[in-house]
Amino acid sequence: MSKAMRNKVQKKFKMRGYTLKIDALSEILGFLSRFPEAEDEALDLLLDELHHISLKSSILDKEPVLKVVSLLLEAEAAVEESPTSSGYGSAGSALRIIDAFDFPKFRYDPIKKLFHKFTGNLPIHGDASAKVTLYRDRFLLLSQSLSRDPHFSRPVFGNDISDYGSCQISPIQSLVGQTGKKWVMGLISQLEDGHFYLEDLTAAVEVDLSNARITTGFFAENTIVVAEGEMLLDGIFQVKTCGFPPLEDREKSMAMFSGIDSFGGGSLTKEETIRLEELEKGAVNDMFVILSDVWLDNEETMGKLETILGGYENETVVPSLFVFMGNFCSHPCNLSFNSYSSIRSLFGKLGRMIAVHQRLKEHSRFLFIPGPDDIGPSNVLPRCSLPKYITEELQNLIPNAVFLSNPCRIKFYTQEIVFLRQDMLYRMRRSCLMPPSSEETSDPFEHLVATITHQSHLCPLPLSIQPIIWNFDHCLHLYPTPHTIVLGDRSEQKAFKYTGVTCFNPGSFSNDFTFVAYRPCSQEVELSAV
């Protein structure tokens, strides 16, 4: 190994705060000699892995270096011996489907300024403190990202103010006795009938939103906003400008988790991520076919579904995944519904329809997500998967069928995709405190997308309108922002790319026979109908 490489190794380790002994340096140079065409990448990988192990001292001898080198060489040998053994050799194995009740839960610590994973048991029926924690976690999630936004951070020096002026956020508690323009961040609540308040972790203040200039989105109770205004003599905060907290780049959000799995698909090393990105580039033909409102008791719907299955059966490359989102019955399966055996037989009929198409049965996977009116314990979110009694007959016919919760997540190579089946557009429009702004767009779906992405939450509605299991509110969080959000809704079929996030509604298949063909690797959305 050349003297230049020895110097480069010592310099890079010194930049990371390490000092190398002779035996450690020899071990590193021996490792790098295995990668003559990628020495720099191998060295960076070694340093990154070294950072994750516990060290007794910053002066490194042979022992910790040998430990990391052995791990890296074992990983490389495993990949070379069996390219598919890592679980990513094919489109089917690259697909990770995650149930909402398996999502990892993280909480932000405002003192240490970092996220830590919650490891305790989460009961379905939480106590009163769980409801308080729900709102606290939502607020801290947006507050910590806002604190890194340059427009809302405190200037280091008094004269170092941006072109936007000083937008430093003031605690609501500090507004008492203050005059002049102030910026606050708080959750909109209605503590008294007809009187709206902004609440943060310190206090609550009544607000006057009648003359407020708002940004894109639906402003409803439970949404968290950043507002500019001033205190009046009667103790009311008069809002002049009101908007949602700015959306943080995905890369910045991911850095806050520093390699921890925040999505639920399993944590990956830097080497595994690079390998997945390379495999993803070759998966351009992989496609997801997504349908919502698949009424199994409607003959016309089933006829159109047969047309779709037959069409894809004859394609050169069959879709990797079919996603069927509820409702699966034209009548709500509420307390007055008693034909559970008929629903079971309808799923069996669907299984036989799929089984006729041999290529789809063998090479595609089928994901079923319940709708708001499907069989289940209640209309609360997250909603558990359909009961085994209902799905058993179909699963016996189609081994590749998976029944999951609503919402659920999919990780396809490096792509993170979130699915929700709920009539959000109708409910958000009904819950608006003021008409949405038409300055940037008048499309309701674009307002909905802006709302859920800026709120980092799939359902920022009052709990009286959409109940949520208090201890599982984290299942609806959208932080860090995923690559794609699929919003199954009975409203018109739509697709919209917002700040790099692909969002679409496949439409109501049983009403207008629309669906979506989605290519995850290129994030290409093909709005389709039959």
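Is E230 buried, partly exposed or exposed? Select E230 to begin: with a relative accessible area of 25%, E230 is partly exposed. Here buried means under 20% relative accessible area, exposed means over 50%, and partly exposed lies in between (1.4 Å probe, protein chains only).

Before moving on, a word on the model. This is a predicted model, in which local features need pLDDT of at least 70 and side-chain atom pairs count only at pLDDT 80 or more, while totals for chains, interfaces and linings use all residues. Residues are numbered from 1 along each chain as its sequence is written, and side-chain values use heavy atoms, with hydrogens and water left out.

**Stop 1: salt bridges**

E230 lies in strand 10 (residues 224-231) and K240 in strand 11 (residues 237-243), so the pair ties together parts that are 10 residues apart in sequence. Helices (H or I, at least four residues) and strands (E, at least two) are DSSP runs, numbered from the N terminus. K240 is partly exposed, at a relative accessible area of 41%. For a group selection, take D293, R421, D423 and R490, which salt bridges with shared partners join into one network.

Next, select D137 and R107. Their side chains meet in a salt bridge at 3.3 Å, N to O. Because D137 sits in helix 5 (residues 128-146) and R107 in strand 4 (residues 106-109), this pair ties together parts that are 30 residues apart in sequence. D137 is buried, with a relative accessible area of 15%, whereas R107 counts as partly exposed at 21%.

Now pick D473 and R138. Their salt bridge has its closest N and O atoms 2.9 Å apart. D473 is in the loop between helix 13 (444-455) and strand 18 (484-488), R138 is in helix 5, and the pair links parts of the chain 335 residues apart. Both D473 and R138 are buried. By the rule above, the count comes to 18 salt bridges.

**Stop 2**

Two strands count as paired if DSSP finds at least two bridges between them. Strand 12 and strand 13 pair in the parallel sense over 5 bridges, and the partner of S292 in strand 13 is M325. Strand 13 (residues 321-325) runs parallel to strand 14 and is joined to it by 5 bridges; here F324 has F368 as its bridge partner.

Which strand pairs with strand 14 over 3 bridges? Strand 15 (residues 401-403) does, in the parallel sense. L367 stands opposite V402 in strand 15. To follow the chain from strand 14 to strand 15, trace helix 11 (residues 388-397); this β-α-β crossover is right-handed, that is, with the strands pointing away from the viewer, the path from the first strand over the helix to the second runs clockwise.

**Stop 2: the core**

Stay on strand 14 (residues 365-369): 4 of its 5 residues are buried, so it is largely enclosed by the rest of the structure. Show F368 with its contacts (heavy atoms within 4.5 Å). Beyond four places in sequence, its contacts include F324, F347, L394 and V402.

A nonpolar core is a set of buried Ala, Val, Leu, Ile, Met, Phe, Trp, Tyr and Cys residues joined through side-chain atoms within 4.5 Å. In the largest one, of 38 residues, L305, F347 and F368 touch the most other members. Helix 9 gives the largest share of this core, 7 residues. Apart from it lies another core of 33 residues, among them I98, L381, M428 and F472.

**Last stop: A355**

Select A355 in helix 9 (residues 340-356). A355 is buried, at 18% relative accessible area. Beyond four places in sequence, A355 touches K361 and I398.

Technical notes
Salt bridge = Lys/Arg side-chain N within 4 Å of Asp/Glu carboxyl O.
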